[in-house]
Amino acid sequence: MEVEVLEGIFDANEIIAAENRRILDEHGIFMMNIMSSPGAGKTSVILSTLEGISKEFSCAVIEGDIAGKVDSERIAKTGVPAIQINTGGSCHLEAKQINTALKKLLLDGLDVVIVENVGNLVCPAEFKLGEDLKVMILSVAEGHDKPHKYPLMFSESSVLLVNKIDMIPLTNFDMAQLKETVTRMNPKIKIFEISCRTKEGIAEWLDFIKDVINEKKKSENNPTESTG
Ligand SMILES: Nc1nc2c(ncn2[C@@H]2O[C@H](COP(=O)(O)OP(=O)(O)OP(=O)(O)O)[C@@H](O)[C@H]2O)c(=O)[nH]1
Ligand SMILES: [Mg+2]
């Protein structure tokens, strides 16, 4: 009985996620879903990414938080449209919230939607939003053992950004061990080592993401399967 209810929630979410994907494909818009634990650097990565791509691509950001609008205000300062979703206690975004936000955005002429999910290393990995790409961030202060404890997030994501590498000398973080564990779990995952503070590694991430966005733009009239 309980299992049936849970399947109902996931099924309903997937139907709306597919509708989101249809809307995005129709407009040739690339959407990425950024996930991490609280404070790993989601908003910082979004700001660094916008700095690198917003002259070339028309962007919008959807901010998911339990409460408040601190992050959407940080984004809005850059001039990029930002919509804040407050989940009111729920630890993840759902497809219907993204559907509502997409209806508020001017989709014509838009190239990229970046979604900042609620800070949580568990639930966001379970809910599809209709995104093209799932990106997770792990900051070095969280430790290299996290893939063992939160395997779904690492196996569901197509990209892992290891952020705050400027802090490695202050920790016992073992990058080789992290990469070995993550690659064993998810052999196709792309891993970038970055610091939003020093900007180390950001250029490589930007090169990658620009290529993926351009691929989506090329397929505007010829939708393909999700890479996320
Ligand atoms: N040293 C260092 N600090 C960083 C880096 N990236 C982000 N920070 C700091 O980490 C803190 C959290 O960064 P945010 O970007 O707000 O993290 P977030 O994941 O968006 O946080 P929530 O939205 O609250 O979950 C801020 O004080 C940032 O300045 C980095 O590469 N190095
Ligand atoms: Mg944030």
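Predicted model: local features only at pLDDT ≥ 70, side-chain atom pairs only at ≥ 80, totals over all residues.
I started with His-92, which counts as buried because its relative accessibility is 9%, under the 20% cut-off.

Where does His-92 lie? I found it in the loop between strand S3 (82–86) and helix H4 (95–104). Next I checked its side chain and got a polar contact of 3.0 Å with the side chain of Glu-94. Then I skipped the neighbours within four places in sequence and listed what else His-92 is in contact with: Thr-87, Gln-97, Asn-117, Val-118, Cys-123, Pro-124 and Phe-127.

Moved on to ligand 1. I have 19 residues around ligand 1, and those that come nearest are Lys-42, Thr-43, Ser-44, Asp-166 and Cys-196.

Which polar atoms sit by the ligand's oxygens?
- Gly-41 has a polar backbone atom 3.0 Å from an oxygen atom of ligand 1.
- Lys-164 uses a polar side-chain atom, also noted at 3.0 Å from an oxygen atom of ligand 1.
- For Arg-197 I noted a polar backbone atom, with an oxygen atom of ligand 1 at 3.3 Å.

Which elements give two or more residues to the shell? Helix H2 (42–53) and helix H3 (70–76) do, and H2 supplies the largest share, 3 residues.

Last entry: I sorted the shell residues around ligand 1 by type and wrote down 4 nonpolar, 8 polar and 7 charged.

How values were computed. Residues numbered from 1 in each chain as written. Chains lettered and ligands numbered in written order. Heavy atoms only, no water. Near = heavy atom within 4 Å. Polar contact = N/O pair within 3.5 Å; in protein donor to acceptor, adjacent residues only side chain to side chain. Helix = DSSP H or I, 4+ residues; strand = E, 2+ residues; numbered from the N terminus. Nonpolar A, V, L, I, M, F, W, Y, C, P; charged D, E, K, R; others polar. Buried < 20%, exposed > 50% of the residue type's maximum accessible area, 1.4 Å probe, protein only. Contact = heavy atoms within 4.5 Å.
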